[in-house]
Amino acid sequence: MAIDIASKARPGDATGERPWWVRPGVHTGVAGAAVGYILGHLLGNFLSSGYAQNALSDSNDVPIVLGYALAVLGWLAGLGVFNDLFRMVLGKPLPEVTHKNGTGLAKYFRYTLDHKVVGIQYLFGMIGYFLTGGLFAMAIRSELLSPSYHLMGPNEYLMVVGEHGTMMMMMMSSVILGPFGQYFGPILIGSKRVAFPRLEALGFWLTPAAYVLLLSGILFGGFPTGWTGYEPLATQAKQGMDAYYFAFGLMGVSMILAGFNMIVTVINYRAPGMRWSRLPMFVWSMFTVSFLQVLSVPVLVGACYMGLMDRTFQTALFSNQLGGSSFLYEDLFWFFGHPEVYILALPGFGIISEVVSVFCRKPLFGYKVAAAGMLGVGILSFFVWQHHLFDSGINPDMRPLFMLTTELISIPTGFIFLVGMGTFWKAKIRFSIPMLFALAFYFNFLIGGISGVFLSDVPADTTEHGSFFVMAHFHYTIMGGLIFAFMAGVYYWLPKMTGIKLNERLGRIHFWTMFIFFNTTFLPLFALGLMGMPRRVFEYARNLETLNDWVSISAFCLGVSILIFLINFVMSMLFWREPEVGNPWRARSLEWQLSSPPPPENFERVPVILAGSYDYGVKDALPVAELHPPAGVIVGAYAGTGAGPNGTEV
Amino acid sequence: MREPRHGLRLLAIWFVLALVADLLIWFAWYPHLPPGDMSESAKHQQFDIAVLAVMAAPVVIAVLLYFGYAIVVWRAKPDDDGDGEPIYGNTKVQLIWIAGTSLIVLSLAVFGTVELIGPAGAGAGEGPSPVWKLAGTQTASWTPGGNDMLQVQVIGQQWDWTYRYPQFGGMESSTLYLPLDTPVTFHVTSLDVIHSFWAYQLGVKADANPQVDNVAYTTAKQLGGFTVRCNELCGIWHGAMYNYGKVVSQTDFQTWAAGVQDKEQADGLIADLPAYALTYDPTVLSELTSSNNINKVDGITGAAGYYYPPSDPVTP
């Protein structure tokens, strides 16, 4: 939002555009959503009155689910998502898709088809998600200050736990692919645009809807299942459960759309010379993650859909008593759920690889190993999901196999460490803030990864499964890994995205408080889990109180650290506005060769890529790209092949 | 100044640190590692955690040591804005790394499999048809002294645990008594949603699924009390779903169990309870028992004295 605050130009001044309030935007979207919800609710009442009572929860969920569905459609229609579709149906010509930034702030509140605008939208959206989820975490830790309930009743506690977990999981899957993937993916491959700008923008505009829908569960008393939504507890739950299924499913659709767009963009829109062997690691990570999303998330959407069917129209897909299977839900959920955790881990690997190379002033060690590591993790992640179900009562024949695959996945994960460590060998290390976060990433992810090996071993897992040990493990990999990488990305790329840099001193305070308090918060949780504290309980053994109090106080300090980041972010963006227009990190990669922020359409001409972006310390290294190739060069290169670089204007 | 041999230095420091850490883990920490050694399965879990810690410590130390060394030795001097040496990779290092990690990982997988199969599933729930069975004589009535397998059914419901002993007339108890040195088969099931039976000190964990008989094995090796908690989120009072168990000598167990059986027989409770089965459908059960006082006597029978009425909250 801070991006164009200095710009005095207003839409409509010169171009004759209509003023913002009569054009589709957030306000018309909200109106559409309200109308849609009312219509859906009425329709649901009409369809289901009298017969479709959910017998387990004694509630009628059809009006709510239909209300949600039409509210989402109304929101999208109000935003103008379907306008081009209607134009096509009516046979009217489509307006030209431009990737030029408009002027003013209004473009950030609209269905804008510019990947750089979408990236900024994602950045603010995901920070909003993260802060909301973080507040829920603070509430959880407040409740855990004592071993019996004092702040919240059991129902409120589970509501907060569920909202925290689900909100964070929905956010984490888009927190890097959203802001940085959409913004820098096309730039890093030398493209002026993404393949499917409409899908991309739609992917973003589903996330605010999912956010509101998930929170709307609170109005119905929340959902008691945590972020996993296990059946048949979910069928027994009150109407807040619909919010979980609908919002999570909706976020799933957003992830699929973002994934498709990224895959096609990376395959088809690379500039001439951008061979696969020159692809920046960050793009490799986005590419792999997109495949994981496209292949695994549909299973989640299906599971959420089936869960909603169980709740509304009384199918019994997940009810053991009626011929369904609660194991089916567990399998579907974790078939998505395990690739999901690598959807969270891989973008971190990508950002960290970029940052480490720049601040070590060295080429990335073992480029092919790094790419192979990502692909290996991605492929293996589809074959490990039953390690979440070692104690579940599923037939145990496959347990040795799933133990093996789970442990195998630490080989490609180890590649990432090899690449990092090799790059540090005889380097010239600069401790900029992104580099500090990268180092912290290795530290946290090491602990997270090693604790994962403990969980893969069936006998050890029998003690650790479902306890605070698991909780500590995945907070180390997700918060300690992904969020630290995200922060590295923010400090590294924000000057490029906005032309403004964050305050250095506050940034360092933010890093050190976050690193220290993250570890003092989550390291003791391993011990708590091993001492027998299950997840998602507020009644725990008296002798664990001291340790829990320590964790809670650390968690509040961690919250303060995030607050410092927020203050830095808001003050730097809105008030201090310290410009940073050059190449402050002296980075080679393509995005840093452009102005800050990059010009409309990124490049005047499609660049010709001459070298990889990691050639630090190489004498007479070629620049990474020729940004102004003479006209006709690219056409000449493609002459006679019958092909041309798609979507590029030569 | 001659470039020092970093690799050798690192290796020497690492070796000393890793050796010290492993010795400390094995000799000082191992006896205190959870879940203790109260039963066969707990012992194996403790052993596995110790072995994994011994494997993990050198790896963690290696990585942290390396990064710490790099930060100290290879940080750029304040006035130096040059680049590092352009090293794009090193085939030997990469091959050693891949071979090393593969070796560790594969040996861990073999180790885990042996530790899973040897102790009959290592206390984890094996589902209705267990593959790795614990040795013991299957008998209709349990007697001390031999190697009779004790059958215990664990029934979870929101939010309580009930234990049923088929070899003692199908009597029920809300405290889990177990005899020492006796192979035990747990049949874990649920009446409503998914719970998880976690006898922490015994090292047993098995999900309680409705309509599913989930089997787990253990053999208690020490006298004393233990805790049972629910380990799978099952609704608002999930955290309060715990009770206690006790390991007693075989003769004490025989006396206790026979005593409870006699009392419940005399009270007419056993006759009122549904026949012992591996799973129960509460809908059907309440029809079977609608004419008698199953919910009311002593407050302890019929899975903690209470089966749900048909529509709340189990099935339509």
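## Basis of the model

Residues are numbered from 1 along each chain as its sequence is written, while chains are lettered from A and ligands numbered from 1 in the order in which they are written. Because the model is predicted, local features need pLDDT of at least 70 and side-chain atom pairs count only at pLDDT 80 or more, whereas totals for chains, interfaces and linings use all residues.

## Where chain B touches chain A

In this model 80 residues of chain B are in contact with 79 residues of chain A, where contact means that the C-beta atoms of two residues, placed from the backbone, lie within 7 Å. On the side of chain B that touches chain A, the elements giving two or more residues are helices H2 (40–73) and H3 (91–117) together with strands S6 (195–199), S7 (204–208) and S9 (224–230) of chain B. Helices (H or I, at least four residues) and strands (E, at least two) are DSSP runs, numbered from the N terminus.

The largest share of this side of chain B, 13 residues, comes from H2(B). By class, the side of chain B that touches chain A has 41 nonpolar, 27 polar and twelve charged residues; here Ala, Val, Leu, Ile, Met, Phe, Trp, Tyr, Cys and Pro count as nonpolar, Asp, Glu, Lys and Arg as charged, and the others, Gly among them, as polar.

## Two helices that pack on H9(A)

Helix H5 (residues 154–172) and helix H9 of chain A pack at an angle of about 10°, with their axes 10 Å apart; axes are lines fitted to C-alpha atoms, for helices over the stretch in contact, and angles run from 0 to 180 degrees between N-to-C directions. This makes H5(A) roughly parallel to H9(A), since angles under 35 degrees count as roughly parallel, over 145 as roughly antiparallel, 65 to 115 as roughly perpendicular and the rest as oblique. Gly162(A), Thr166(A) and Met170(A) of H5(A) make the contact with Tyr244(A), Phe248(A) and Met251(A) of H9(A).

The axes of helix H6 (residues 177–188) and helix H9 (residues 240–268) of chain A come within 11 Å and cross at roughly 20°, which means that H6(A) is roughly parallel to H9(A). Here Leu177(A), Gly181(A), Gly185(A) and Pro186(A) of H6(A) meet Ala258(A), Met262(A) and Thr265(A) of H9(A), and these residues divide into four nonpolar, three polar and no charged.

## An antiparallel pair

Helix H14 (residues 410–424) and helix H15 (residues 433–456) of chain A pack at an angle of about 160°, with their axes 12 Å apart, and they are therefore roughly antiparallel to each other. In this pair, Ser410(A), Thr413(A), Phe417(A) and Gly420(A) of H14(A) meet Tyr442(A), Gly449(A) and Val453(A) of H15(A).

## Backbone features

Most residues other than glycine have a negative phi, and most peptide bonds are trans. Asn602(A), which is not a glycine, has a positive phi of about 65°, and Asn602(A) lies in the loop between helix H19 (545–576) and strand S1 (608–609) of chain A.

A cis peptide bond, with omega about 0°, joins Glu231(A) and Pro232(A), and Pro232(A) is placed in the loop between helix H7 (197–216) and helix H8 (233–236) of chain A. In chain B, the peptide bond from Pro34(B) to Pro35(B) is cis, with omega near -5°, and Pro35(B) is found in the loop between helix H1 (6–29) and H2 of chain B.
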